[in-house]
Amino acid sequence: MIQTIHLKKRPIGAPTQDNFELTESENDLTLKDGEVLLETKYISVDPYLRGRMSDAKSYVPPFEVGQPLNSGIIAEVIESKNENFKKGDFVRDRLDWKTVQVSDGENLQKVDPDKAPLSAYLGILGMTGLTAYLGLHEIGKPKKGETLIVSGAAGAVGSVVGQIGKILGLTVIGIAGSDEKVELLKSEFGFDRGINYKTTDDMKASIKEAAPNGVDIYFDNVGGEISDAVLFSINKFARTINCGAISVYNNTETPTGVSVQPFLIKNSALMQGFIVSNYSDKFPEAMEQLSKWLGEGKLTYRETIVEGFENTPQAFLDMMDGKKKGKMIVKV
């Protein structure tokens, strides 16, 4: 049997289990020349999937109601009629949330389980690592001695951003949602300081205390009030990297906040949004550097692994609620 997870209906506000539907069908798939049969091993769940569940215009097409959701997946080739792949190969691609499916092989990338655990190719050696590296490098343009602040710092992207910042000689401050996560930032990922946004009474004051010399680079994964507070501490020529806005993804009304223009003008500062595919031409060099740092022990990573294909929707909901450390991945 083949299991598939569909988008049952579009969410209004925060998604729930009611927005997903699990179906089963007979495995009667047959291959044409050039195709491969894939068995899903690991599924990536990420904040950007929330945007695709709505029908608003975005940088990727929305999911269609009644159709399978899709995301980054590691799969094993179980049958092949494509000369580029053989049975037993492990591959990575954006694939449907299905336990078994057919691919034409066009976008499949082989991954080597002997060089790193398979799940790492969805995280630190996948889009997560590339997003962290390229956002910081291309927009942040870090210089030794500067101060970097990262929101969503205990998450998959944020934890890598902070580590890269330390490798490059920055003072790194992380914002996270629990004392446990703040301690993790310092003890495991090497951040200099951390702020628990859920227990601080005054984010502006906490940021000024943690960054007495001001903020040169802000890697923004959350948006909202936290990011508003950072603006009060940015230095001249500061760079804000807008990677995500998970704090407002479920809003049903347009959020309001401080006007950013006075801060940017006064400080001659830059604020730029990006998606990692903007820098696809730089993927090879970024992957080479990430692999080198990982091999040298300069980078580490955390994963929250949820077992069972049928638990993929709940893993997504837990990820949106911050109930994870590092990268959220489903092991099928």
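**Exercises on a predicted model**

At 11% relative accessibility, Asn82 counts as buried (buried means under 20% relative accessible area, exposed over 50%, partly exposed in between, with a 1.4 Å probe and protein chains only). The model is predicted, so local features need pLDDT of at least 70 and side-chain atom pairs count only at pLDDT 80 or more, while totals for chains, interfaces and linings use all residues. Residues are numbered from 1 along each chain as its sequence is written, and side-chain values use heavy atoms, with hydrogens and water left out.

**Exercise 1.** State where Asn82 is found and which residues it is in contact with, leaving aside neighbours within four places in sequence.

Solution. 
- Asn82 is in the loop between strand 4 (70–80) and strand 5 (90–96); helices (H or I, at least four residues) and strands (E, at least two) are DSSP runs, numbered from the N terminus.
- Beyond four places in sequence, Asn82 is in contact with Gly34, Glu35, Val36, Asp104 and Gly105, where contact means heavy atoms within 4.5 Å.

**Exercise 2.** Describe how helix 2 and helix 3 pack.

Solution. 
- Two packed helices are described by the angle between their axes and the distance between the axes.
- For helix 2 (residues 127–140) and helix 3 (residues 156–167), the angle is about 50° and the axes are 8 Å apart. Axes are lines fitted to C-alpha atoms, for helices over the stretch in contact, and angles run from 0 to 180 degrees between N-to-C directions.
- Helix 2 and helix 3 are therefore oblique to each other (under 35 degrees is roughly parallel, over 145 roughly antiparallel, 65 to 115 roughly perpendicular, the rest oblique).
- Helix 2 contributes Thr128, Thr131, Ala132, Tyr133 and Leu136 to the contact, and helix 3 contributes Ala156, Val157, Val160, Val161, Ile164 and Gly165.

**Exercise 3.** Compare the radius of gyration of the protein with that of a compact globule.

Solution. 
- The protein has 332 residues, for which a compact globule would have a radius near 20 Å; the protein has 20 Å, which agrees. The radius is taken over C-alpha atoms, and the globule rule is 2.2 Å times the number of residues to the power 0.38.
- Of the 332 residues, 49% count as buried.
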